[in-house]
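Have the structure open while you read.

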Amino acid sequence: MRNRPVVVVVVAAVALAAVGLATVHAAGLAFPGRSALWPRQLAWLLVGSAAALLVARADLRRLQDRRALLIHGALILTTLATFAASGARDTHRWLHLGRLNVQPSEPLKLGLVLALASCFSRPAEGPRPLRDLALPAGLLACTLIPVLLQPDLGTAGVLALIAASALALERFSLGARVTLALGVLGSLAAVWLTLHDYQRARLAAFVHGADPMTAGYQSDHALRLVGAGRLLGAKSFAGSEPYPLPEAHGDFAFAVWAHEHGFAGAALVLALYLALVLAALRIAAGARDRFEAHVAVGVAALVFWQAVINAGMVMGLLPVVGVTLPLISYGGSSAFTCLVGVGLLASVARRSTTA
């Protein structure tokens with residue numbers, strides 16, 4: 001069956017979106033004024049699905065050279081435009097377009113995928129030399145700096161991991177690998193110096209533990225919700241009491257789902273992500289050229305790393321850094337970006353040799 005990987009991707013994405021709507025609705029019941037969040041999420045999902053259909057019919061070869069870089073450059077400028085908008089709690093992550101709030105750093109992830117794919121679209125004879133790292137490194141720096149200044153440590157981490165996934169597909173010379181390692185260490189030191197006090201407190205709370213009533217409040221209550229779900233979930237609790245997490249509909253939506261559907265429901269969600277990522281990698285393996293293979297791997301990396309970070313954050317395995325769970329957490333920009341990523345996978349599969 002030639003289209004099997006695409007079918008798996010679409011079915012998994014639809015199932016995850018349905019889980020997201022149910023979770024946002026359940027979490028919204030706990031807070032006055034948030035019960036209407038799920039219709040907004042549905043609207044974004046419909047808009048994202050329409051965009052995905054358009055992208056699926058597009059020829060990605062037209063983006064292989066300068067167009068991909070121009071798109072990414074435009075998304076960086078849009079991200080910078082958030083600093084001209086009024087921010088909440090010293091953060092500048094959204095553009096306010098009337099009643100519509102857009103987070104440009106979400107589509108920026110796909111912009112980075114396309115830009116890096118363009119950088120590595122031409123094959124190299126043997127290991128790539130150091131000079132082949134110059135453009136990708138510059139693109140990554142220009143992408144990370146405005147995101148870190150917003151500040152949005154979680155999104156910056158996902159962007160860095162997307163770049164690392166792209167680099168993992170390439171062979172580099174020893175000198176390039178040594179330079180890359182030194183650059184990563186230097187970048188980590190620079191990022192640490194730019195962190196805000198509350199971000200350092202969250203990282204310290206993860207490493208050393210923290211008072212569950214202060215810095216450890218979110219992680220402690222999320223873990224309690226997950227544990228209370230047991231095997232099949234605490235269905236009698238659903239919607240009857242307020243969830244003790246202010247962001248239960250957002251970054252901690254996985255905790256709400258695990259509480260209401262237990263270990264079985266949580267395992268189902270993780271299995272859906274695994275199926276989507278493996279199907280995306282199969283599409284990448286059958287891509288007709290390096291550019292489209294990099295695009296498919298980039299989309300797979302986006303979904304994989306966000307799911308891993310968010311689930312790890314909720315279960316206390318990773319620090320709380322603010323990363324949405326793809327297609328499940330409330331957030332129109334995030335849902336739209338993920339669905340456009342599904343469209344990119346369908347476009348690659350349409351010309352694939354094996355899909």
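Predicted model: local features only at pLDDT ≥ 70, side-chain atom pairs only at ≥ 80, totals over all residues.

What follows looks at one helix and then at some charged pairs.

Residues are numbered from 1 along each chain as its sequence is written, and side-chain values use heavy atoms, with hydrogens and water left out.

**Helix 2**

Let's start with helix 2, residues 37-56. Helices here are DSSP runs (H or I, at least four residues), as are strands (E, at least two), numbered from the N terminus.

Which residues of helix 2 are buried? They are L37, Q41, W44, L45, G48, A51, A52, V55 and A56. Looking down the helix 2 axis, these buried residues fall within an arc of 130 degrees, so they line one face; the arc is taken from the directions from the helix axis to the C-beta atoms. An α-helix has 3.6 residues a turn, so residues three or four places apart point the same way. Buried means under 20% relative accessible area, exposed over 50%, and partly exposed in between (1.4 Å probe, protein chains only).

The buried residues of helix 2 pack against helix 1 (4-28), strand 2 (100-102) and helix 12 (332-350), where contact means heavy atoms within 4.5 Å. On the other side of helix 2, L46, L53 and L54 are exposed.

**Salt bridges**

Now for the charges. The structure holds seven salt bridges, each a side-chain nitrogen of Lys or Arg within 4 Å of a carboxyl oxygen of Asp or Glu. Here are some of them:

| Pair | N to O distance |
|---|---|
| R61 and D59 | 2.8 Å |
| R290 and E170 | 2.5 Å |
| D289 and R351 | 3.9 Å |

In the R61 pair, R61 is partly exposed at 43% relative accessibility, and D59 is partly exposed at 24%.

R290 is partly exposed at 29%, whereas E170 is buried at 10%.

D289 lies in the loop between helix 10 (253-285) and helix 11, and R351 in the segment after helix 12, so this pair ties together parts 62 residues apart in sequence. R351 is buried, at 18%. Finally, salt bridges with shared partners join R128, D132, E170 and R290 into one network.

Definitions and conventions. Expected span 1.5 Å × (residues − 1).
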